[in-house]
Amino acid sequence: MIRYIEHSALDKRKWDCCIENAAMSPAYALSWYLDIACEQWDALVEDDYSAVMPLPWRKKGGIKYIYPPYFIQQLGIFSTATVGSAKTAAFLNAIPESFKYAEINLNSTNAVSELTLSYTRRTNTELQLNTPFEKIKSGYSDNLKRNLRKAVTSGNDLTDAVIPEALVTLFKHNKGAELNKFSEQDYAVLTHLMKESIKRGAGFITGVCDDKNTLIAGAFFIQTGQRIIFLFSGAGAEAKENAAIPQLLNNQIAAYADRQMLLDFEGSDNKNLARFYKSFGSEETYYHRVIIDRLPKIAKYVIKWRRMLKKN
C-alpha cells in the first residue's frame, strides 16, 4: 500500500535505511539533504518503507505544486526491489489531488511506460571506477590527455584547504554571473549543503591555486555508498588555460580507481558539457522528467499571460 505522509510524520531512520539499500542511493535522496535543499517536502511511502518517493513542494497563488529543487538531479522512487513501469505509475497516481502541478525528475532505475506516462528523457554521464587507473586513463580522449599534460606543466598548486564560501564566490563571479540563474538564497542553500556534507564525512572540496595562492578552480564531490557525485564546481579564466577542472576530476578518478565505485558527472543535456564528461570515457545513462498537469484552465491562462508579460 502506498501512503502519502507529511514531513512531520516521516520516520527518517527508516527513510534513510531504504535509501541506503536502494538500487540507486544518491546523497540527495537522504532525509538530511532533502531537509536543506527543499523548501518543504512530504513523501509517498510503500508499506513499511520498502519504497519511498520524496515530494518537494511549494505553494504559490494558493496552488500547491511539486518542483525539482536545485542541487538535486534525480529523485523519483527509491526501492530495495526493481521499480518497473507499473510501480512507477502506481506512485505517480498516488500523488494527492491537492498538488495541481508536478515536475518530477525520476531516477535512472525507474522504468516508464509510453502507454501510461508523458515524459521527456534526460541524459546523465557516469564512469565506472572498478578497473585500474591506467586502464581507465587509456579511455581518455586525446584532447583530454593533452589538457592534463598542460595542467602538469602549468604548475597548478593543488589544495584541499578550500572552504565552501570560497568556492561559491568563485562560481558567482564567473559562470554564475554569466548564467544569472541562482538567487542569494540558492547560494546559501548550496553553502549549507556543502558544510553539512563535509561535517558528515560525505563531502569534500578540492581546488587549484595560482602562484599567489589565489583559488582559480574548485570542485565539490559528495559520496554515499558506491556513488561519488561531482555536484558543483567553480573556475576562473586562468583555470581554463591551465586545465584545472580536468586535473581535479582526473585526481579523483585516480584516487578511487580499481574500487567498486562510480563517478557521477551529473549531466548533461548540454552538448558541450556532455562532450567534456564523455572525454573521460564515461557512458551516458538516462532518467525521465514527468509532468503532471491538473491546473484549472483559468490558472493556465494566468500563467501564460504572466510569461508573455515577462518577455515584453
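This is a predicted model: local features need pLDDT of at least 70, side-chain atom pairs count only at pLDDT 80 or more; totals for chains, interfaces and linings use all residues.
Together S9 and S10 form a hairpin with 5 residues between them, and in the turn Asn 213 adopts a positive phi of about 65°. Strand S9 also pairs in the antiparallel sense with strand S8 (residues 157–159), here over 3 bridges, with Thr 159 standing opposite Gly 207.

Cys 18 belongs to helix H1 (residues 12–20), where Trp 15, Asp 16 and Ile 19 are buried along with it. Viewed down the axis of H1, these buried residues fall within an arc of 155°, so they line one face of the helix. Arg 13 and Glu 20, on the other side of H1, are exposed. The cover over the buried residues of H1 includes helix H2 (31–37) and strands S2 (41–46), S3 (51–60) and S5 (78–79). At the start of H1, a side-chain oxygen of Asp 11 comes to within 3.2 Å of the backbone nitrogen of Arg 13.

Salt bridges in the model number 14. One of them links Asp 48 with Lys 14, whose closest N and O atoms are 2.9 Å apart; because Asp 48 lies in the loop between S2 and S3 and Lys 14 in helix H1, the pair ties together parts that are 34 residues apart in sequence. Asp 48 is exposed, with a relative accessible area of 52%, whereas Lys 14 is partly exposed at 26%.

A further salt bridge joins Asp 264 and Arg 227 (2.9 Å, N to O). Asp 264 is located in strand S12 (residues 262–264) and Arg 227 in strand S11 (residues 227–235), so this pair connects parts that are 37 residues apart in sequence. Both Asp 264 and Arg 227 are buried, and salt bridges that share partners join these two residues and Glu 126 into one network.

Note on methods. Residues are numbered from 1 along each chain as its sequence is written. Side-chain values use heavy atoms; hydrogens and water are left out. Buried means under 20% relative accessible area, exposed over 50%, partly exposed in between (1.4 Å probe, protein chains only). Helices (H or I, at least four residues) and strands (E, at least two) are DSSP runs, numbered from the N terminus. The arc is that of the directions from the helix axis to the C-beta atoms. Contact means heavy atoms within 4.5 Å. A polar contact is a pair of N or O atoms within 3.5 Å; within protein, one must be able to donate a hydrogen and the other to accept it, and residues adjacent in sequence count only if both atoms are side-chain atoms. Two strands pair if DSSP finds at least two bridges between them. A salt bridge is a side-chain nitrogen of Lys or Arg within 4 Å of a carboxyl oxygen of Asp or Glu.
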